[in-house]
Amino acid sequence: MIRRTIAGCFLGAVLVGLIGTSEPAKGEELWKETPAQRDARMQWWRDARFGMFIHWGLYAIPAGEWDGKPIAGIGEWIMDRANIPVADYEQLAKQFNPTRFDAAEWVRIAKDAGVKYIVITSKHHDGFCLFDTKATDWDVVDASPYGKDLLIQLSNECRKQGIKFCTYYSIMDWHHPAQYRGSDKRYNPTKIHDGRKTEYMDFMKQQLKELLDTCNPEVLWFDGEWPDWYTEPDAREIYNYLRTLKPELIINNRVGKGRKGMEGLNKGDQEYVGDFGTPEQQIPATGLAGVDWESCMTMNDTWGFKKDDHKWKSTEMLIRNLIDIASKGGNYLLNVGPTAEGLIPAPSVERLEAIGKWMKVSGESIYGTQASPFAKTPWGRCTQKALEGGKTRLYLHVFDWPADGKLTVPVKNKVLGAECLGVGKLDAKAADGSVVIALPEEAPDKIATVIVLDVEGAVSSEL
Ligand code: FHN
């Protein structure tokens with residue numbers, strides 16, 4: 001046992017942040033890294049801006065129907081919403097054989113869409129694990145005819161194709177014997193049996209270490225944190241445990257109770273532990289200032305596959321969501337719910353292909369950008385990048401093409417140049433404290449045409 005002085009602990013934390021190799025003392029508050037250490041750890045995630053969420057599991061088999069009846073709500077909650085006895089739900093595992101699962105094809109679809117990271121459910125609330133865990137036989141290797149670890153296949157393919165691999169993990173577990181159903185009708189929220197919380201915390205730590213040791217995710221995306229028996233101190237224990245095992249790991253705010261109040265996140269007062277906020281099915285009106293955040297959203301109305309959910313959002317809405325979120329300094333985690341046989345639904349693939357076409361022309365206006373300097377931009381949205389020499393590049397995403405062919409931007413800075421991405425250079429002139437850019441007669445892209453405006457110095461908000 002290495003005895004550590006306080007200085008040694010501090011040094012341990014610094015080293016963890018700088019080179020990520022020293023093992024800090026158990027229980028050290030690793031979230032108290034320096035801003036520079038945290039920036040270095042978060043950098044790839046901030047630059048990525050666009051991720052793909054994958055909700056996949058046994059719930060894709062019933063796909064929203066039970067006993068011949070449609071079950072309302074999100075597909076992955078069918079065990080709870082249809083009040084399915086555990087023994088009956090367990091029978092689904094014997095039918096899970098996704099023979100059409102092709103990790104290379106899934107990653108190609110994501111990569112071609114411009115996605116930079118994938119977050120897949122390793123274990124959702126039903127407790128069924130898509131990886132080979134020694135902590136339980138309720139997993140794809142021991143309980144299903146498919147019999148192979150799905151996450152190792154996907155993580156290997158992600159690394160091969162240069163996409164970051166990340167995993168979702170539910171704290172609430174409707175199958176684990178230490179937890180029991182909240183009422184005789186609903187599993188959610190679970191309760192914990194007296195004297196069995198340590199058992200379940202140890203179970204979680206064992207599985208989380210297995211994930212790091214086998215498919216080695218870059219982000220641990222927690223969920224199901226709301227049951228009362230799970231507390232913020234428990235969250236700090238899990239956060240510290242994981243960051244001790246993998247100092248560069250990124251962990252969302254749902255490792256604890258942070259979903260309620262993102263204001264406390266990462267602003268030093270550390271009311272809640274976790275590295276980024278997770279607004280769900282919404283885009284915060286003005287972003288979340290001073291906090292890393294990611295909006296997770298479905299493409300239709302469900303996370304897990306439902307055969308009768310055809311309420312697909314338009315490609316226009318999806319692309320404009322991505323732009324809107326980036327203009328507010330956030331990441332977009334867009335969900336797909338694969339079928340039981342392992343296919344991403346065609347309507348999802350079509351939309352991802354269309355997003356990819358847009359990203360091929362305009363992706364530089366999303367990746368590695370910062371939030372808009374303007375409070376409002378009536379014609380669309382804006383992102384920005386700092387250029388060498390103190391210059392600024394503004395990316396003006398025009399949704400509503402000006403009828404007079406002139407785009408007026410409220411900046412007083414000296415204009416260095418302007419261009420329309422995918423088209424070419426444009427004429428831009430200062431006029432009455434603004435810059436007026438002469439646009440092509442027709443919008444090259446009806447969903448969002450990106451105009452680049454380079455200026456001297458930083459841009460302050462005028463609107
Ligand atoms: O209950 C889950 C739900 O099934 C889904 O996983 C979403 C995705 O963020 N999270 C929880 C609801 O907030």
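Asp432 is found in the loop between strand 17 (428-431) and strand 18 (434-438); strands here are DSSP runs of E of at least two residues, helices are runs of H or I of at least four, and both are numbered from the N terminus. This is a predicted model, so to be clear on the rules: local features need pLDDT of at least 70, side-chain atom pairs count only at pLDDT 80 or more, and totals for chains, interfaces and linings use all residues. Residues are numbered from 1 along each chain as its sequence is written, and side-chain values use heavy atoms, with hydrogens and water left out.

Back to Asp432. Its phi is near 50 degrees, a positive value in a residue other than glycine. Is Asp432 buried or exposed? At 81% relative accessibility, Asp432 counts as exposed. Exposed means over 50% relative accessible area, buried means under 20%, and partly exposed is in between, with a 1.4 Å probe and protein chains only.

Ala63 also has a positive phi, near 55 degrees, and is not a glycine. Ala63 lies in the loop between strand 1 and strand 2 (65-66). With a relative accessible area of 6%, Ala63 is buried.

Two prolines next. A cis peptide bond joins Asn188 and Pro189, with omega about -15 degrees. Pro189 is in the loop between strand 6 (179-180) and strand 7 (191-192). Pro338 is in the loop between strand 11 (331-336) and helix 11 (346-362), and at 0% relative accessibility Pro338 counts as buried.

Now the rings. A pair of aromatic rings is described by the distance of the centres and the angle of the planes. How many aromatic pairs does the structure hold? There are 21. Rings of Phe, Tyr and Trp (its six-membered ring) pair if their centres lie within 6.5 Å; planes under 30 degrees apart are stacked, over 60 edge-to-face, and the rest tilted.

Take Phe53 and Tyr168: the centres are 6.1 Å apart and the planes are at 50 degrees, so the pair is tilted. This pair links distant parts of the chain, with Phe53 in strand 1 (residues 50-54) and Tyr168 in strand 5 (residues 164-170), 115 residues apart. Phe53 counts as buried at 1% relative accessibility, and Tyr168 at 0%.

For Trp229 and Tyr230, the centres are 6.0 Å apart and the planes at 75 degrees, so that pair is edge-to-face. Both Trp229 and Tyr230 are buried. Ring pairs also link Trp56, Tyr89, Phe96, Phe101, Trp106, Phe128 and Trp138 into a cluster.
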